[in-house]
Amino acid sequence: QVLVDESGGGLVQAGGSLRLSCAASMIIHSITTMGWFRQAPGKQRELVAIVTTGGMTNYADSVKGRFSISSDNAKNTVYLQMDSLKPEDTAVYFCRVRGRARGVEDNYWGQGTQVTVSS
């Protein structure tokens, strides 16, 4: 069963925009944070942006001013609006939801969605 599902990736030219969406199964409850991470080829997975259920946000320095994270807590969804995209933003983007499912508190990850920015 897929507990976290991302969508919205694709190919875009530098300077363009994409909006990623992530829906977490309602099986996951007591969510504390929802966030986006990315992993480029040959690199470690890194935090892009994170939002708490209270609405506090945190961004990687490399995306501040260009990306915006938002969430709908009632629907267990989180979004990442990405503007002014750069080739260095090319990566697989993963959604992570920290919450409780089947009695286990854990980080629940999606399968990832590819974002490719051409120069």
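**Around strand β8**

Mentor: In this predicted model, S70 stands opposite Y79 in β8. Strands here are DSSP runs of E of at least two residues, numbered from the N terminus. The model being predicted, local features need pLDDT of at least 70 and side-chain atom pairs count only at pLDDT 80 or more, while totals for chains, interfaces and linings use all residues. Residues are numbered from 1 along each chain as its sequence is written, and side-chain values use heavy atoms, with hydrogens and water left out.

Strand β8 covers residues 77-82, and T77 belongs to it. β8 runs antiparallel to β7, and six bridges join the two; strands pair if DSSP finds at least two bridges between them. Both strands are part of an open sheet of four, with antiparallel pairing and the order β1-β3-β8-β7. Its edge strands are β1 (4-7) and β7 (67-72), each of which pairs on one side only.

Now look at T77 itself. T77 counts as buried because its relative accessibility is 11% (buried is under 20%, exposed over 50%, partly exposed in between, with a 1.4 Å probe and protein chains only). Leaving aside residues up to four places away in sequence, T77 touches C22, A23, M34, S70, S71 and D72, a contact being heavy atoms within 4.5 Å.

The side chains of T77 and Y79 are joined by a polar contact of 3.5 Å. The ring of Y79 also has the charged end of R19 sitting over it, 4.2 Å from its centre (NZ of Lys or CZ of Arg within 6 Å of the ring centre and within 35 degrees of the ring normal).

A second ring has an arginine over it too: R45 lies over the face of W109, at 4.7 Å from the ring centre. W109 is also a member of the one aromatic pair in the structure. Its partner is F37, in an edge-to-face arrangement with 5.0 Å centre to centre and 65° between the planes. The pair links distant parts of the chain, with F37 in strand β4 (residues 29-39) and W109 in strand β10 (residues 104-109), 72 residues apart. F37 counts as buried because its relative accessibility is 11%, whereas W109, at 34%, counts as partly exposed.

How values were computed:
Polar contact = N/O pair within 3.5 Å; in protein donor to acceptor, adjacent residues only side chain to side chain. Phe/Tyr/Trp six-rings, centres within 6.5 Å; stacked < 30°, edge-to-face > 60°.
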